[in-house]
Amino acid sequence: MSTQPLWKTYLLFLAPMVLSNFLQSMSGTINSIYIGQMLGTQALAAVSGMFPIVFFFIALVIGLGAGAGVLIGQAWGAREAHMVKAIAGTTLLLGAMIGLTAAVLGSIFARPALQGLGTPADVLDDAVAYAHVMMWIMPSLLVYVLFTQLLRGVSDTMSPLVALLVSTCIGLALTPALIRGWLGFPPMGIQSAAYAGLAGNLAAMGWLAWRLIARGHPLAPDREMFAAMRLDRVILGKVLRIGLPTGLQMVVLSLSELVILALVNQHGSQATAAYGAVTQIVNYVQFPALSIAITASILGAQAIGAGRLERMGPILRTGLWINVCLTGGLVLLGYLLSHWLLGLFLTDDSTRAMAEHLLHIMLWSLLIFGFQAIIGGIMRASGTVLVPMAISIVCVLLVQLPVAYLLDEQFGLQGVWMAFPVAYLGMLALQTAYYRFVWLHRRIERLV
């Protein structure tokens, strides 16, 4: 960090992560295109209805990964490699346990959960079939997501990128083959994308293990790493102290998506399909914004570990400017290309027109979302998570959801999307106020 301009450090760290997010979003988008074009709009609606449930478990693991990433970043900044492995081992074991719990509970309660969300009756059976497969592949998916987060804590963003490239290529090649029954495979219909994703994840994890061991990586899955896979009370307490509030924040956001989806489902399967299409476009903008926030948090944690507290202000300012350029540019492209992009996986003209209108209502607010996420990421680097989490939860529960209900009654489906900008503006105002008037006046110390 001290030998080159900060913006270059940001971009070197950020570029592979953003590319990873694009690959991940592209994989989901192409799978949606496969399903929408090869199986129809109802199949796309069934898959879209499952997204918030999957995101619920991924959100919890992302929170734990964020907590562990801060600790690993500080340990790495202080050049304490043994502590890096200890933190990673404890966190990965916990992630595997969460994945197994998700598999069991998800397979049992998939149908009641989807019925509770108001999944349209004409797609319920397909949604349940897809849900069963997704829940049983959850352990491998969660461990994979968690491990790639931990790698970023030691400034390794290339390994997750190449692993994701392996996973994406395999998954995208297998999905149409499984849908149609090519190459001797039995036709698997709506479950095809889930099975293809499992094959891709397992291949990526195998390749990742080989790469890290061959390079003597600090997080290589070697004997020392496996020995560290135990629930160390001290480390687990620190991971949970940061990770649980962050995970809770992500879970509340995912629960709010469940409520939003339930509102959308009341308008029929056409609205559900439009929701799925809009979500695909939003992911391309939202995930890069989150990547900037993650980069700010990790660089901040490494600066704290190295005793370079004077770098915290420049790290924040650089992140905000990159958000203007990157997220703002993606928002602009989203508006210019929305008709063509949504037409990739919506064949019905009226559904596409509905989705385009909904996207235009809220897309601009993702720039605001990025600003507040970066400010929260800087504070998280020092272990300050409770108040930023509370701000996000309050804005979701007491602003977004009530506004969505009220505007849904007044304006119909478009009113649901109007609630997103209102909530994001509230988050930004409160996060900024807490940062300026409270956090800046606190003493920052290492956590490990």
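Student: What does alanine 306 count as, judged by relative accessibility?
Tutor: A word on the model first: it is predicted, with local features needing pLDDT of at least 70, side-chain atom pairs counting only at pLDDT 80 or more, and totals for chains, interfaces and linings using all residues. Residues are numbered from 1 along each chain as its sequence is written, and side-chain values use heavy atoms, with hydrogens and water left out. Buried means under 20% relative accessible area, exposed over 50%, and partly exposed in between (1.4 Å probe, protein chains only). Since alanine 306 has 46% relative accessibility, it counts as partly exposed.

Student: Where is alanine 306 found, and what separation do its C-alpha atom and that of alanine 78 have?
Tutor: Helices here are DSSP runs (H or I, at least four residues; strands are E, at least two), numbered from the N terminus. Alanine 306 is in the loop between helix H10 (269-305) and helix H11 (312-343). Alanine 78 is 228 residues away from alanine 306 along the chain, yet their C-alpha atoms are separated by 5.2 Å.

Student: How many helices and strands does the protein have, and what is its radius of gyration?
Tutor: The protein comes to 15 helices and 0 strands. The globule rule gives 22 Å for 448 residues and the protein is close to that, so it is as compact as a globular protein of that length. The radius is taken over C-alpha atoms, and the rule is 2.2 Å times the number of residues to the power 0.38. The value for this protein is 21 Å.

Student: Which residues have the most contacts inside the largest nonpolar core?
Tutor: In soluble globular proteins, nonpolar side chains tend to be buried together. A nonpolar core is a set of buried Ala, Val, Leu, Ile, Met, Phe, Trp, Tyr and Cys residues joined through side-chain atoms within 4.5 Å. The largest one here has 137 residues, and those with the most contacts inside it are Leu219 and Trp417.

Student: Which residues does tryptophan 417 touch, leaving aside its neighbours within four places in sequence?
Tutor: Contact means heavy atoms within 4.5 Å. With those neighbours set aside, tryptophan 417 is in contact with Val264, Tyr275, Val278, Leu358, Ile361 and Met362.

Student: Which residue forms a salt bridge with aspartate 349?
Tutor: Aspartate 349 is exposed, with a relative accessible area of 55%. The closest N and O atoms are 3.5 Å apart, and the partner is arginine 352.

Student: How many aromatic pairs are there, and what type do phenylalanine 420 and tyrosine 424 form?
Tutor: Rings of Phe, Tyr and Trp (its six-membered ring) pair if their centres lie within 6.5 Å; planes under 30 degrees apart count as stacked, over 60 as edge-to-face and the rest as tilted. A search of the whole structure finds 4 aromatic pairs. Phenylalanine 420 and tyrosine 424 have 6.3 Å centre to centre and 55 degrees between the planes, a pair that is tilted.

Student: Which residues does serine 365 contact, leaving aside its neighbours within four places in sequence?
Tutor: Serine 365 is in helix H13 (residues 365-380) and, at 1% relative accessibility, counts as buried. Ring pairs link Phe369, Phe420 and Tyr424 into a cluster. With the sequence neighbours set aside, serine 365 is in contact with Phe420, Pro421 and Tyr424.

Key: Salt bridge = Lys/Arg side-chain N within 4 Å of Asp/Glu carboxyl O.
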